[in-house]
Amino acid sequence: MQMNEYRYGNGMNSYRAAGELTGITNLVDAFYSNMDDFPEASVIRNMHPEDLTESRKKLTFFLCGLLGGPRLYIEHYGGVNLPDFHRQFPIGNDERDAWMLCMQRAISVQPYEASFKEYLLARLWIPAERIRLFNSTDI
Ligand code: HEM
């Protein structure tokens, strides 16, 4: 790993690399449009409301904060514990993989630096896996 890849964890660097609110809005639009289109994702698309307007806004706001930008989700909706919140949905390996597939393909078409694409995918795997684990009855 090159030294500059460590920088994404610092301050607002990730938020800037993602193109700030506009860039993250584009990412989330691509993510949810993949969820609509990919047959592998129908299992998770069905968990969502038909109208994705609010889902898009919530994920966009959440990712802004996660990437070190303004904490728009907390400002608008208050705090959330993601694993707890997602317990209401049945999320196992297939569902986690479907979510990550939509996200990976959404990231791949953004005008981000290659090193940031790699970082972002790895960064989002962490909560995705935590959500799956929390859902599991094996723990
Ligand atoms: C592991 C696979 C995942 C599945 C199957 C999944 C599924 C869902 C579903 C069905 C909703 C409800 C949508 C709605 O009511 O609008 C939701 C909401 C949400 N998800 Fe996920 N999700 C996953 C992973 C993630 C990850 C990794 C993140 C963050 C990086 C995330 C962030 C959110 C947020 C912020 C909300 C909105 C919560 C709210 O209603 O306030 N999800 N997710």
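Modeller: Gladly! Let us begin with a pair of helices: Leu 21, Ile 24, Thr 25, Val 28, Asp 29 and Tyr 32 of α2 touch Ser 55, Arg 56, Leu 59, Thr 60, Leu 63 and Cys 64 of α4. Contact here means that the C-beta atoms of two residues, placed from the backbone, lie within 7 Å. Helices (H or I, at least four residues) and strands (E, at least two) are DSSP runs, numbered from the N terminus. Residues are numbered from 1 along each chain as its sequence is written. This is a predicted model, where local features need pLDDT of at least 70 and side-chain atom pairs count only at pLDDT 80 or more, while totals for chains, interfaces and linings use all residues.

Biologist: Which classes of residue make up the contact of α2 with α4?

Modeller: The contact of α2 with α4 has seven nonpolar, three polar and two charged residues. Nonpolar covers Ala, Val, Leu, Ile, Met, Phe, Trp, Tyr, Cys and Pro; charged covers Asp, Glu, Lys and Arg; the others, Gly among them, are polar.

Biologist: At what angle do α2 and α4 pack?

Modeller: An axis is a line fitted to C-alpha atoms, for helices over the stretch in contact, and angles run from 0 to 180 degrees between N-to-C directions. For α2 and α4 the angle is about 135 degrees, with the axes 9 Å apart. That makes α2 oblique to α4. Under 35 degrees counts as roughly parallel, over 145 as roughly antiparallel, 65 to 115 as roughly perpendicular, and the rest as oblique.

Biologist: And how do α7 and α8 pack?

Modeller: Their angle is about 160 degrees, with the axes of α7 and α8 10 Å apart. α7 and α8 are therefore roughly antiparallel to each other. The residues that meet include Trp 99 and Met 103 in α7, and Leu 121 and Trp 125 in α8. This contact of α7 with α8 divides into nine nonpolar, three polar and four charged residues.
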